[in-house]
Amino acid sequence: MQLNLINTLSQPLRSAAKFVNHNEQASGLSTSRFIQDTSTCLLPKAVFARSKADLAENSFLELSESALVYFAPMAVGNAAKRIYTHSLSPEAKKLVTQSTQELMKSSNAAAKKVLPVKAAIALSALLIPLTEYTLNYFKNLMTLNVFKKGDFNNIANLENKTESVETQNRVRNNAHKSIKTAAGIFGLSTILAAVLSARGASKSKVLQNISEAVLAPGTKFFKKNAKAKNFFDKYCSIDYASQNGKLVLSKGQLTSCVVIGGAGYFGAAKDRGKQNFLETLFRYPVVGFYVITGSELFEKGFKKLLQKADKCKETIGKNLEVPCFEELAKKAQQLAKTNSTTVEKEFAKLAKQKVLISGVPYVFSIGVMGFFVSGISNLFTKYRFTQEQKKDN
């Protein structure tokens with residue numbers, strides 16, 4: 001029904017409503033965050049690209065990184081689920097998609113057997129941040145092979161000088177070393193996952209404790225501190241979220257990607273020179289914080305402002321919840337009867353409010369977090385380089 005009503009809206013409200021509705025229908029955080037973060041990061045960098053190499057690097061990094069972070073978790077998680085649950089009973093398999101907190105509280109014997117399997121599946125998610133960690137090193141290798149450049153000053157068009165073989169070999173060797181290190185760490189996590197899956201259901205307290213720490217570190221270590229418990233369970237657990245029986249990207253996995261991927265950002269930047277490292281140091285913490293929680297904080301703050309201003313009363317609930325378009329379609333029918341108007345008219349009013357609530361944070365992410373941060377970081381890099389050149393002279 002909601003699609004028929006959306007088609008009755010006038011442009012550009014119709015296009016905006018379809019975009020928001022598509023994000024709501026997506027699995028977990030994946031599609032909406034892919035579009036938002038790619039727009040936030042790639043479009044501004046493309047506009048402010050300082051050379052062909054710089055544009056190629058940013059396009060490769062942002063597209064591969066976003067696709068990896070927002071679409072790979074579902075594929076990896078559900079593949080791991082099939083592998084590690086093959087020996088479980090049908091009853092136990094159903095418990096895999098339940099929350100860890102519920103399983104830890106449960107008196108059901110099957111719940112204890114499921115926890116290690118669930119932890120093994122969660123460990124498979126480390127493939128995502130570890131692969132993201134290597135992307136920056138693959139980016140360095142790509143630039144070396146395609147553009148024959150390993151010095152950031154040349155890539156960012158700050159200067160144009162002949163690069164030494166030693167500099168390029170250092171960048172290349174460090175990239176190979178870091179990629180091998182990431183592969184080794186994932187190999188160890190895979191071995192641990194296999195042990196948990198095969199032996200975790202036994203009475204081994206060590207394996208049970210490891211499983212609980214992987215899945216719910218807050219519940220495991222901060223039982224008496226509710227705030228710390230909720231924080232660590234939300235941002236430090238690598239357990240998958242569940243939606244309609246499928247495993248999807250969770251907030252903790254997103255955080256692990258930002259933290260572990262950040263190590264790759266800084267390491268690969270350091271290999272290519274001081275200016276690359278300082279530019280990353282300026283930009284990454286701001287963007288990383290926004291990706292993890294900043295957008296969520298801004299959205300909540302914006303809803304509160306609307307609520308205090310007595311705006312969007314029909315669409316913002318007491319706890320700042322916003323109905324999906326399907327619920328808005330039902331609400332429009334009720335309002336049409338109450339106000340003696342048409343369903344289309346009431347739905348248009350609700351759709352405007354819905355698009356406003358979702359659209360302003362989205363525009364903010366592109367405008368401020370995208371263009372502003374990207375533009376300022378480029379200017380600061382140019383300024384720092386110029387000042388250093390003056391000192392050297």
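What percentage of the 393 residues of the protein chain count as buried? In this predicted model, 49% of them do, where buried denotes a relative accessible area under 20%, exposed one over 50% and partly exposed the range in between, computed with a 1.4 Å probe on protein chains only. Residues are numbered from 1 along each chain as its sequence is written, and side-chain values use heavy atoms, with hydrogens and water left out. Because the model is predicted, local features need pLDDT of at least 70 and side-chain atom pairs count only at pLDDT 80 or more, whereas totals for chains, interfaces and linings use all residues.

The protein chain has 17 helices and two strands, taken as DSSP runs numbered from the N terminus (helices H or I, at least four residues; strands E, at least two). Its C-alpha trace spans about 75 × 60 × 35 Å along the principal axes. Of the contacts (heavy atoms within 4.5 Å) with a separation of 6 or more in the protein chain, 68% are accounted for by residues 24 or more positions apart.

A nonpolar core is taken as a set of buried Ala, Val, Leu, Ile, Met, Phe, Trp, Tyr and Cys residues joined through side-chain atoms within 4.5 Å. The largest such core has 50 residues, and Y84, I121 and L123 have the most contacts inside it; helix α7 (residues 109–124) gives the most to this core, with ten residues. A second, separate core comprises 15 residues, including L5, F325, A332 and L350. When neighbours within four places in sequence are left aside, I121 is in contact with G77, A80, K81, Y84, T85, V96, Y240 and L247. Of these partners of I121, V96 lies in the loop between α5 (90–95) and α6 and is buried, with a relative accessible area of 2%. With the same exclusion of sequence neighbours within four places, V96 is in contact with T85, L88, V114, K118 and I121, while V96 and N153, 57 residues apart in sequence, are separated by 50 Å from C-alpha to C-alpha.

Grid points are joined across faces, edges and corners, and a volume is the space filled by probe spheres set on the points. The search of the whole structure finds three cavities of 30 Å³ or more. The second largest cavity, with a volume of about 240 Å³, is lined by 22 residues, of which R50, D54, N58, E279 and R283 lie nearest its centre; two or more lining residues come from each of α4 (52–84), α8 (127–147), α14, α15 (274–308) and α17 (343–392). The second largest pocket has a volume of about 220 Å³ and a lining of 19 residues, with S237, D239, Y240, A241 and S250 nearest its centre.

No disulfide, defined as a pair of cysteine sulfur atoms within 2.5 Å, is found in the whole structure. The sulfur of C236, a partly exposed residue with a relative accessible area of 38%, is 14 Å from the closest cysteine sulfur, in C257, and therefore too far for a bond.

Conventions. 1 Å grid on protein atoms, 1.4 Å probe; cavity = no way out; pocket = protein on both sides within 12 Å on 5 of 7 lines; lining within 4 Å.
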